[in-house]
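Please open the structure in your viewer and keep the sequence beside it.

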Amino acid sequence: MNQKGAFGRLFCFQMNRNNLMPLFAAITILALALSGTTQAQVYRCTVDGSPVFSDQPCGEDAESVQMRDNRIGGSFNQNLPARTEPETEEETDDPEPEAADTCRFINSTDLRRYLVREQVVQGMTRDHVRRAFGNPPETYTNPQEVWIYQTRYYGALYELTYVYFRDGCVERVEYRKP
């Protein structure tokens, strides 16, 4: 008669891949669930005149540092600075030209796509138009700033492109036959 010790009788099962798969999956899920919920505390101290960061209080002057949550997801504007209301200024009789940052925001991916395709869209700056179309052969400033580009195919004038600016930004683009 084959006798096994107490340990052998309690844990008498054959170890193979099918028995270990559910155990491995359970351990993996548990580890992933616990890792997302823990966040270490960070402390800042001054040692010998220079700042030191630690996961434990490093001195009597230790102050807790708030860490922003940078995990994937959340709202798009959570890391942006708070909006401030513009101060109202007294209106003056001399209208000043607005700065170039008053143009409509075009994200960098779309801007690169427009420039590669040599397209001009509303909200671009003068520099963007120059990068897309080159220097304008004709410009007019009165009554509104207009740049006129010519499109030629096989040497013949095919199309005229009128780019209208307001406050340094593209207001509209018109394509006309000559």
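In which loop does P143 lie? Select P143 to begin, and you will be in the loop between β4 and β5, where helices (H or I, at least four residues) and strands (E, at least two) are DSSP runs, numbered from the N terminus. The peptide bond that leads from N142 to P143 is cis, and its omega is near -5°.

Before moving on, please note that this is a predicted model, in which local features need pLDDT of at least 70 and side-chain atom pairs count only at pLDDT 80 or more, whereas totals for chains, interfaces and linings use all residues. Residues are numbered from 1 along each chain as its sequence is written, and side-chain values use heavy atoms, with hydrogens and water left out.

**The whole chain**

Zoom out to the protein chain, which contains 4 helices and 7 strands. Read from the N terminus on, its elements follow the order α-α-β-β-β-α-α-β-β-β-β. Of its 178 residues, 16% count as buried, where buried means under 20% relative accessible area, exposed over 50%, and partly exposed in between (1.4 Å probe, protein chains only).

**The loop between β4 and β5**

Return to the loop between β4 and β5 and select Q144, which is found there. Q144 is buried, with a relative accessible area of 16%, and its side chain makes a polar contact with the side chain of E171 at 2.6 Å. A polar contact is a pair of N or O atoms within 3.5 Å; within protein, one must be able to donate a hydrogen and the other to accept it, and residues adjacent in sequence count only if both atoms are side-chain atoms. If its neighbours within four places in sequence are left aside, Q144 is in contact (heavy atoms within 4.5 Å) with Y164, F165, R166, E171 and R172.

**The sheet**

Next, colour the strands of the open sheet, which has 4 of them in the order β4-β5-β6-β7, with antiparallel pairing; two strands pair if DSSP finds at least two bridges between them. The edges are formed by β4 (138-140) and β7 (169-176), each of which pairs on one side only. Neighbouring strands of this sheet are turned by 20° against each other on average, direction ignored, an angle taken between N-to-C directions on a scale from 0 to 180 degrees, with axes that are lines fitted to C-alpha atoms, for helices over the stretch in contact.

Look now at β4 and β5 (residues 146-153), which pair in the antiparallel sense over 3 bridges. Selecting E138 will lead you across to I148, its bridge partner in β5.

**The disulfide**

Where is the disulfide, a pair of cysteine sulfur atoms within 2.5 Å, and which residues form it? Select C103 and C169, whose sulfur atoms are 1.8 Å apart; a search of the whole structure finds 1 disulfide. The link is left-handed, with -95° about the S-S bond. C103 lies in the loop between β3 (63-65) and α3 (108-116) and C169 in strand β7, so the pair ties together parts that are 66 residues apart in sequence. C103 is buried at a relative accessible area of 14%, and C169 also counts as buried, at 8%.

**The nonpolar cores**

In soluble globular proteins, nonpolar side chains tend to be buried together. A nonpolar core here is a set of buried Ala, Val, Leu, Ile, Met, Phe, Trp, Tyr and Cys residues joined through side-chain atoms within 4.5 Å. The largest has 13 residues, and those with the most contacts inside it are V120, M124, V129, W147, V163, F165 and V170. The elements that give two or more residues to this core are α3, α4 (126-133), β5 and β6 (156-166). A second, separate core of 5 residues includes V146, I148, Y162 and Y164.

For the last stop, select D48, in the loop between β1 (42-47) and β2 (50-54), and then Y154, in the loop between β5 and β6. Phi of D48 is near 55°, a positive value in a residue other than glycine, and D48 is exposed, with a relative accessible area of 81%. Phi of Y154 is likewise positive, near 55°, and Y154 is exposed at 87%.

Conventions
Disulfide = S-S within 2.5 Å.
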